Amino acid sequence: MKAAAFDTVDLGRVPYRDAWALQKEHHARVAAGGRPTLLLLEHPPVLTLGRKAREGGNIIVTREYLASQGIEVLEVERGGDVTYHGPGQLVAYAIFPVGRRVQDFLRLLEGATIAALNTLGLPDARPNPGYAGVYVDPREVNGLIYDQKIASFGVAVQKNVALHGLALNVETNLQHFELIVPCGLTGTQMTSVAREYERRGLGHSPDMDAARKALADAFITTFEAYDWTLPELAGAGS
């Protein structure tokens, strides 16, 4: 496999605030012309509110209940609504130059995630037109059809360089998503690699190590022809 044009750093499990600060450190370095970096990690349980979160209106339990469960709530600068991060969810923060190519960048994030899920044994992984993220085939529940979302996306671009990225549910506690309306979407259920393996009778599902390798390899392949030029280095952030 061709050497990557970016560094990949596996951080293990990191509190969200610490990872957020680390993202900003890498972002400042890349915005100054440094080497792009892909951060792979997990978080302890946390809810984050993107720019469309409407002051947390899609959190359906009280803040007191969340505090009693040790689940922090943070407002962040990424796009999107509310989402959940927790153990068993593989988070990838791609600190890459983007400029005005935000939609193209999101499609590449989707492509890398889909390729990783194909490697992990889920060939039906696909985008959902009109919504950011990656889904598997819809499922009927009590006579209703629900989209099945397996990965969420939320990106911010400042000084032409991306922050945040994607969250892929590998062996996540999906009950925690019942605390929110995920990404503000009704008619959508969250799923995971482990749940899809169980429902499909596929046997033992891939673990986090397998998921990390699959996603890291998929990023290298998907971004092989990417334009790494940092546009308008001194321009105003978006």
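Where is the place of Asn 142? Select Asn 142 and you land in the loop between strand E8 (131–141) and strand E9 (144–158). Keep in mind as you click around that this is a predicted model.

**Stop one: Asn 142.** Check the backbone here: phi is positive, about 55°, although Asn 142 is not a glycine. Buried or exposed, what does Asn 142 count as? Its relative accessibility is 80%, so Asn 142 counts as exposed, the cut-off for that label being over 50%.

**Stop two: Asn 160.** Next, follow E9 into the loop between E9 and strand E10 (161–169), where Asn 160 lies. Asn 160 also has a positive phi, near 70°, in a residue other than glycine. With the surface still on, look at how much of Asn 160 shows: the relative accessible area is 9%, so this residue is buried, given that buried means under 20%. So the tour has now shown you an exposed Asn 142 and a buried Asn 160, each with a positive phi.

**Stop three: His 26.** Show side chains next. Which side chain does the side chain of His 26 make a polar contact with? Pick Arg 29: the two side chains make that contact at 2.8 Å. Then, leaving aside residues up to four places away in sequence, display what His 26 touches: Thr 37, Leu 39 and Ile 95.

Conventions
Residues are numbered from 1 along each chain as its sequence is written. Side-chain values use heavy atoms; hydrogens and water are left out. Helices (H or I, at least four residues) and strands (E, at least two) are DSSP runs, numbered from the N terminus. Buried means under 20% relative accessible area, exposed over 50%, partly exposed in between (1.4 Å probe, protein chains only). A polar contact is a pair of N or O atoms within 3.5 Å; within protein, one must be able to donate a hydrogen and the other to accept it, and residues adjacent in sequence count only if both atoms are side-chain atoms. Contact means heavy atoms within 4.5 Å.
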